[in-house]
Structure formats: structure tokens, C-alpha cells
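Please keep the sequence and the structure in view while reading.

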Amino acid sequence: MKNRIRAVHNTPKHTKGLFALGGAAVVALLLLALFIHYYGNWLWFQNLGFARVFTTVLWTKVVVFTLFFLGFAVFAGGNVFAARRGGGPTRVPRARSADSPLTILDVVFHEDYASYAWAIIIVVVSALMGLNASSSWMAFLKFTHASPFGVADPIFSKDAGFYVFRLPFYSFLQQWCSLAVVLTIGAVTLSYFLDQAVGILSNRLYINSRVKVHLATLAGLFALAVAWSYRLNMYNLMYSNSGVAYGASYSDVHAKLPAYWVLLVLSVLVAVLLLAAPWVKRWRWVVYAVGLYFVVLIGLSWIYPAIVEQYVVKPNELANEMPYIRNNIKFTRLGYGLNKAREEPFRVRGGMSYNDILTNQSTIHSIRLWDRRPLIQTYKQLQEIRLYYDFKSVDVDRYHFGNNYMEVALAGRELPPGQLPARARTWVNTHLVYTHGYGVVMSPVNEVTEDGMPNFIVQNIPPQSSTSLTITRPEIYYGEETGGFTIVHTRTKEFDYPKGERNVYASYHGNGGVELTSYFRRLVYSLQMGDPNILLSRYITGQSRLMFHRIITDRDATIAPFLSYDSDPYLVVGQDGHLYWIHDAYTTSGMFPYSQPLDQSLGQSGINYIRNSIKVVIDAY
């Protein structure tokens, strides 16, 4: 036993060095990983002309992380420091015999390096709390860029902008502060326990007088956080689902709202008593106040609303709930923009004549005969041409062909990397040679050939058109199936399209992708993509360009993550002969007051405000 105790006392110097070395190594690796990730993405954003979006999001994350990291580190670290200094002088003797094995607490918090252990714990937990805050960067940007909607809710007279832009931030801040206080209480209690200021003495729980003051102060802060939560819960009644309609109902306004006020006042009273108890020495008052709080919580917050709902609302449900149903209808119409819809009568007249058909030829010619589901199978069979090509979906659009305004179906011929034969799926083929799809097929939606096939007006490779429509850039580098990264403008030629028994090759001449102008950039992307061939391949030159985020839905969400997107972008042929993807983007929120959400699951509200504000256009080349 003597030898083991001596060994324990000889290890701190080495352990201090290991702590320092290990901590420095972890920090260095984290900083390197962050640099690689953010530098590579910054180059990508810069290439697209969206560097400001990237820097705005990045600096918001950095500022938020720093503020909350420092906030928790100062708060928790200061409390732990105070606890370690105030752990005595009265100590509870440890109930451990000399032959008892050492626990992990004895090893980690050995008196010679306990300060280092606490410092590491505080820094790690502060970093986690900072990361938790920075992940909510969008709530901070909404808060700092809040704007009014010009319409107030009928209960609190708050502008809808308060609920959409400010309430999410306040809710996050309240939850973060509550968690910070709880974690600090746990750390302080552990510190006092390790310093033997808390324990069992003569079969009774002993707590040092300084410990009582400290823990009572922290408990008072937690009670204030609870009081704040009740204030926010009042506003959250705008999203209540307990009544006949979404939003605050009769029982919410006449039962829950008063209960929240009472609980808020009681929470503040408990906080005041906890903060004052160490000096007035009236601990029983705290116990009575906490007991009263739980009685009111059960009686007013849980039981009373159920009684009001059962015996006041239900016997006269329509009369009691009608004002709140009207609120729901009004704000739902506002949330979805339906308040701007006009209702007009339409008189149905029978007796359609042949003359009616002649005078409405544009409508008749737009009657769709082809369903998109079987049509895509027909496209695949007739126009994929090679097994490595694929049509993912058929889009429907209208084009002017001379004086004719025609509704057509069209699909892009993409080249998914997974479609290559297994033997041809080498690194060079996947990333340098087979880089893009090629062309589109197009057919009127209301025409069928004698064989029952689509009447193609654009078909084959290279694209052949029977109309005035010309396609000058049929290559598809960005699409719905263009997964993985591609490197273009290398020493090897890219496969362009098949021509009989041979293939036609080309080289990329656009400005898409990040230029690999140096080995440093190649090293960064080699690490970011987890592919050493980007650094080692001799085919790559200083003029080569690395394309990634090539799938349209991923590309849009990366550039503008604050928007919501339609699940199906569609392909169009521009007047310049280029192929373009158009993706509908929406400004949405689930926090518009009283508005009925599209869906609800697991307590999460779906979208209840939406505007089709943006059309994203991406050149497929």
C-alpha cells in the first residue's frame, strides 16, 4: 500500500505535462480541421460571387460562439473558483478506509493538479455551450434583422414580427441560461463534495454554511430563469393546439394565461427568498414557497384548465370558441397569403359548339395526353442511348415556337457516377473523364406518333431540333443526379458524348468550380474531400477546376440555407441555347401567430407562413 501511495504522489508532474501536451494537440487538430473546412468552402462561395453570404454566416457563428463560450466560462469558472476557495474550514471526513481502492475522482481531482482538471472541464463544457449557441446562428440573425409585419396578434397586441424574429431568440436564450445554471450547480456541488464541505456526518447530511449561501444563490438564479420561461409560455399560447382551432383558445386565455402569471410571480418570490435566505435565516420560508409553487402548478396549470374546458367551454363550445376560431382563420389566411385572393362567381354554360373549339385553340392544344410517370419510362427506352445515361424526371413547361405557344414535356440526360459499369468505375473515370450529362429530349404533351410514341421535337445526341429552338450548351455538369466531385480542365480529355462506335471528347471552358491554382489548395481539398488523389494525381494542373455541391438541391441549400426549397427543380432551355435549372425558393416560418401549420409531428410545428419569393436559376454548364 505504501508503494502505491508513493506512485500516486510521483505522477502529478508527468500528468501535468500530459495534460498540457494533449490539450495543445487537440486544439491544434481542431483548428486545422476548422481551417480546412472553412477555407475550402470560402473559395467555393467566392467563385460563385456569394462570399458575403459565407462571411456573414461565419462571423455570426464566431461571434455567437465567442460570447457564449466566454459567458459560460466566466460564470461557471467563477463559481467553481469560489467553491474551491470556500470549501473549508469545516470539512466532513471521508468515509474511506486506507485499504479502499482509489476512485476516478481521487485520480482526476488529485490535489496537485485539480486546478488543471477543473480548467479543462470548464473549457470543454464552455466550448460545447458555445457550439450549441452558434448552431442557432439563424435565430441571432433574425433577431438582429427583425422587421414588422404590420399586423398585431389579438391577445397581446404584439406585431407578428415579434413572434417570427424575436421570440425564437428569447426562447433559445432562456433555455441556454437555464442549462448553464444547472450545469454550474452540478459543478459547484461536485467541487464542495471533493473538498469535503458536503457529506454525511453522524448519519446526517452536513452542508457547510458557505455552501448553503452559494447553492441558494445559484438556485435563486434558476428560479428567475423559470419565471422567464412562464413569460415566454404566455406568448407560446399563440401556437397552442389544445382548442378546436390552432392558436390560443378560450381555456388558454381564461385559464392557462392567469395560471402562468401566478406561477411567474411565485417563481420570482422563490428566487427572492433563496437569494435572501442566507442572511435572514428563514429557510422554512423557502420550503413553504416552493411547496406553494408546486401546489399552484398542479392545481392552476394542470387541473384548472381541464375543468374550464370540460364544464365551461364544452357546454357552449361554439359561442366561447368563435372569437378564437375567427382569429385562426384570419391569421391562417395572412400566413399563406390567402387574404389577397379574390372570390368571383363563375357561371357554367352548357351547349359547347364547334365554334367555341375553334376560338380556343390554345387551350385545346394544351390538353395533356401524356402522363409523366409512363412518359419517363418511354424516354429511358428511346433516348438514354447508353446505359450510363439517365433521365431522373420529366418536367412540363411552355415555349414559344414562332406564333405557337406550346406546352411540352422535357427531361435532361444526366450521367450519374453510379451508372458507370463497375469495371470502368476508376478514380480517373469517375472524377476526371465522365464529368457531365448531355442534352435534353422534348416532346409536346398532346401529340402522339403513329406508333404511339412521343413526337420528339428535340432528341438524340448531339441534340437535334425540329423547331426554332437551338441548344448551344447541352452539357450538364450540375443537375439532380450529379453526385460527388468532378475535376475539369485537366491533362486528360473529358468524355463528351458517344458517336457511333467511338466517343467524342472535349475540355471544359466555363468558370464553374474552384481553380486549383496551387498545391496548397489541392492539399486543402484533398483533406476536405478525404481523397489523397486530388493532391497526388499528375493529371491535375494549375488551370484545373474542382466542382462540388453539384446536385441542385444541395447547391441551393448550401448557398442560401435560410430559404426553403421545392423538392423538384425543373430544367428549361434558355434563349441563349444554355440549359438552366429553375428552383422555387420560399421564405417560410413556423412562428406566425395563430396560423394553422401544414403539419405537426412529435410536438414540432410545421410551416405556417410561406411566400414564393425567389426563383433560383443555375446554368447547368
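His489 is partly exposed, with a relative accessible area of 30%, where buried stands for under 20%, exposed for over 50% and partly exposed for what lies in between, as found with a 1.4 Å probe on protein chains only. The model is a predicted one, in which local features need pLDDT of at least 70 and side-chain atom pairs count only at pLDDT 80 or more, whereas totals for chains, interfaces and linings use all residues. Residues are numbered from 1 along each chain as its sequence is written, and side-chain values rest on heavy atoms, with hydrogens and water left out.

**Backbone geometry**

- His489 has a positive phi, near 55°, although it is a residue other than glycine, and its place is in the loop between strand 10 (486-488) and strand 11 (494-499); strands here are DSSP runs of E with at least two residues, and helices are runs of H or I with at least four, both numbered from the N terminus.
- Asn460, likewise not a glycine, has a positive phi of about 70°; this residue is found in the loop between strand 7 and strand 8 and is partly exposed, with a relative accessible area of 25%.
- Pro462 lies in the loop between strand 7 (458-459) and strand 8 (464-465), and a cis peptide bond with omega of about -10° joins Ile461 to Pro462.
- Most residues other than glycine have a negative phi, and most peptide bonds are trans.

- Three strands form an open sheet in the order 10-14-13, with antiparallel pairing, where two strands pair if DSSP finds at least two bridges between them.
- Strand 10 and strand 13 (514-515) stand at the edges with a single partner strand each, so one side of each is left without a neighbour in the sheet.
- Strand 10 is joined by three bridges to the antiparallel strand 14 (residues 545-547), and Val488 stands opposite Arg545 of strand 14.
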